[in-house]
Amino acid sequence: MIINKTFGLSIILYVAVAPVAAAAAEPEPPGPAAAGVTEGDEPQADPGAEAFVTRCSGCHTIGGGPMKGPDLVPATRWAAADLRVAIKKMEKHVGSLSDADLDLLGGLLKAADVRDRIEAERQRAITVMAATLDPPDPALGEALFTGTRALRNGGLPCSACHRVGARGGALGPDLTQLKERLPRVAMLSAFEGANYPVMRPAYAARPVTKQEAIHLASFFEERAASTPAGEEAGWVVPLGALLALLAVVLIRIALPNRGPAGVRARLVRDAQREAP
Ligand code: HEC
Ligand code: HEC
């Protein structure tokens, strides 16, 4: 209910923001064709670890500290039945979890070598990615973010709801410094899975592809590196000042030379001449 309302709002926002975002975007050099992207034919190495990496690691680590969700080390010591209930509750974050998913994820979290399995899956995923996908391209990522290049499955451009620097909507959090909050692997699964309650409806049927997630992540990484923390949206003030200056200059040009200002200047000059 809340989600639908908010999403409705976001659509309105999108309609309002999209033309602005598009206008603000620089013309985009033609990028490599998205057609060369291969997806979905990865070898099935470790389904439990894969499920965790793709659906949970955007919010949880096991021994790496809290992210959006708590570090799951304590949970790995829970009774299997309690753990299953807790994982089932994550449907509010990740969408439906079948009994088979719960078996896989519960089994993984109770395994003694859970961290090794997740690390191995990460490595495998990176290898597969490197073999089948184009290398990260921040310029393409920016185009996908702003919407100058459409997302392959037709999802809204991120800038409908998010800002990077001065550009984009304000419904979602500012992503300028996203790199400080999310490491790359977590970014990829967060984008592909749209692991956030307000975002999910926008992408459930139109997921961001792995290739797109890679370009987007490289854009966020590059942007965070080139924008010192605390300067996000810092454009607005200089821009305002610039516009004010421009207005003053235009008024000066537009006003006739011997307007009130000229009269006043003459009076001042006369007064100065008369002073002892
Ligand atoms: C969008 C972020 C998000 C995602 C994705 C997510 N979780 Fe969570 N998880 C949380 C938050 C926040 C909590 C804290 C309590 C709550 O919301 O229920 C939590 C709590 C938990 C807990 C209880 C831990 C404790 O110490 O209380 C477990 C277990 C858990 N999540 C497992 C998973 C699994 C497995 C997945 C993947 C299927 C997953 N989570 C996906 C955010 C997330
Ligand atoms: C319909 C609006 C909307 C669109 C479109 C959208 N998001 Fe979001 N996003 C949100 C909202 C709202 C949140 C805050 C969490 C929540 O409530 O879902 C969020 C949260 C996030 C977060 C977590 C932010 C953080 O600080 O941890 C990331 C990352 C993110 N979005 C990335 C993206 C990317 C990448 C795209 C484009 C592919 C995108 N979003 C498109 C609304 C949107």
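Predicted model: local features only at pLDDT ≥ 70, side-chain atom pairs only at ≥ 80, totals over all residues.

Visitor: Which residues does Val53 contact, leaving aside its neighbours within four places in sequence?
Guide: Val53 has its place in helix α2, and with 22 other C-beta atoms within 10 Å Val53 is buried. Val53 and Arg122 are 69 residues apart in sequence but 7.1 Å apart in space, taken from C-alpha to C-alpha. Arg122 is also among the contacts of Val53, which, with neighbours within four places left aside, are Ile118, Glu121, Arg122, Ala125 and Ser189.

Visitor: How are α2 and α7 placed relative to each other, parallel or perpendicular?
Guide: Two packed helices are described by the angle between their axes and the distance between the axes. For α2 and α7 the axes are 9 Å apart, and the angle is about 75°. Angles of 65 to 115 degrees count as roughly perpendicular. The two helices, α2 and α7, are therefore roughly perpendicular.

Visitor: Which residues of α7 meet α2, and how many residues of their contact are charged?
Guide: From α2, the residues Ala49, Glu50, Phe52 and Val53 take part, and they meet Arg117, Ile118, Ala120, Glu121, Arg122 and Ala125 in α7. By class, this contact of α2 with α7 has six nonpolar residues and no polar ones, while the number of charged residues is four.

Visitor: At what angle do the axes of α2 and α6 cross, and how many residues of their contact are nonpolar?
Guide: The axes of α2 and α6 come within 8 Å and cross at roughly 95°, which makes α2 roughly perpendicular to α6. Pro47, Gly48, Ala49, Ala51 and Phe52 of α2 make this contact with Asp101, Leu104, Leu105, Gly107 and Leu108 of α6. Among the residues of the contact of α2 with α6, two are polar and one is charged, while the number that are nonpolar is seven.

Visitor: Which residues of α6 are buried?
Guide: Helix α6 covers residues 99–110, and its 12 residues reach 16 Å from the first C-alpha to the last, close to the 16 Å expected at 1.5 Å a residue. What covers the buried residues of α6 includes α2, α3, α4 and α7. Those buried residues are Leu104, Leu105, Gly106, Leu108 and Leu109.

Visitor: Which element gives the most residues to the shell around ligand 1?
Guide: Ligand 1 is surrounded by 21 residues, and the closest are Cys56, Cys59, Gly69, Met90 and His93. The elements that give two or more residues to this shell around ligand 1 are α3, α4 and α5. By class, the shell around ligand 1 divides into 13 nonpolar, five polar and three charged residues. The element that gives the most, with four residues, is α4.

Visitor: How many residues of the shell around ligand 2 are nonpolar?
Guide: Of the 21 residues around ligand 2, those that come nearest are Cys158, Cys161, Gly172, Tyr196 and Val198. The elements that give two or more residues to the shell around ligand 2 are α9 and α10. In that shell around ligand 2, three residues are polar and one is charged, and the number of nonpolar residues is 17.

Visitor: What is the phi of Ala194?
Guide: Most residues other than glycine have a negative phi. Ala194 is found in the loop between α10 and α11, where it is buried, with 21 other C-beta atoms within 10 Å. Although Ala194 is not a glycine, its phi is positive, at about 45°.

Definitions and conventions: Residues numbered from 1 in each chain as written. Chains lettered and ligands numbered in written order. Near = placed C-beta within 6 Å. Nonpolar A, V, L, I, M, F, W, Y, C, P; charged D, E, K, R; others polar. Expected span 1.5 Å × (residues − 1). Buried ≥ 20, exposed ≤ 12 C-beta atoms within 10 Å, placed from the backbone. Contact = placed C-beta atoms within 7 Å. Axes fitted to C-alpha atoms, helices over the stretch in contact; angles between N-to-C directions. Parallel < 35°, antiparallel > 145°, perpendicular 65-115°, else oblique.
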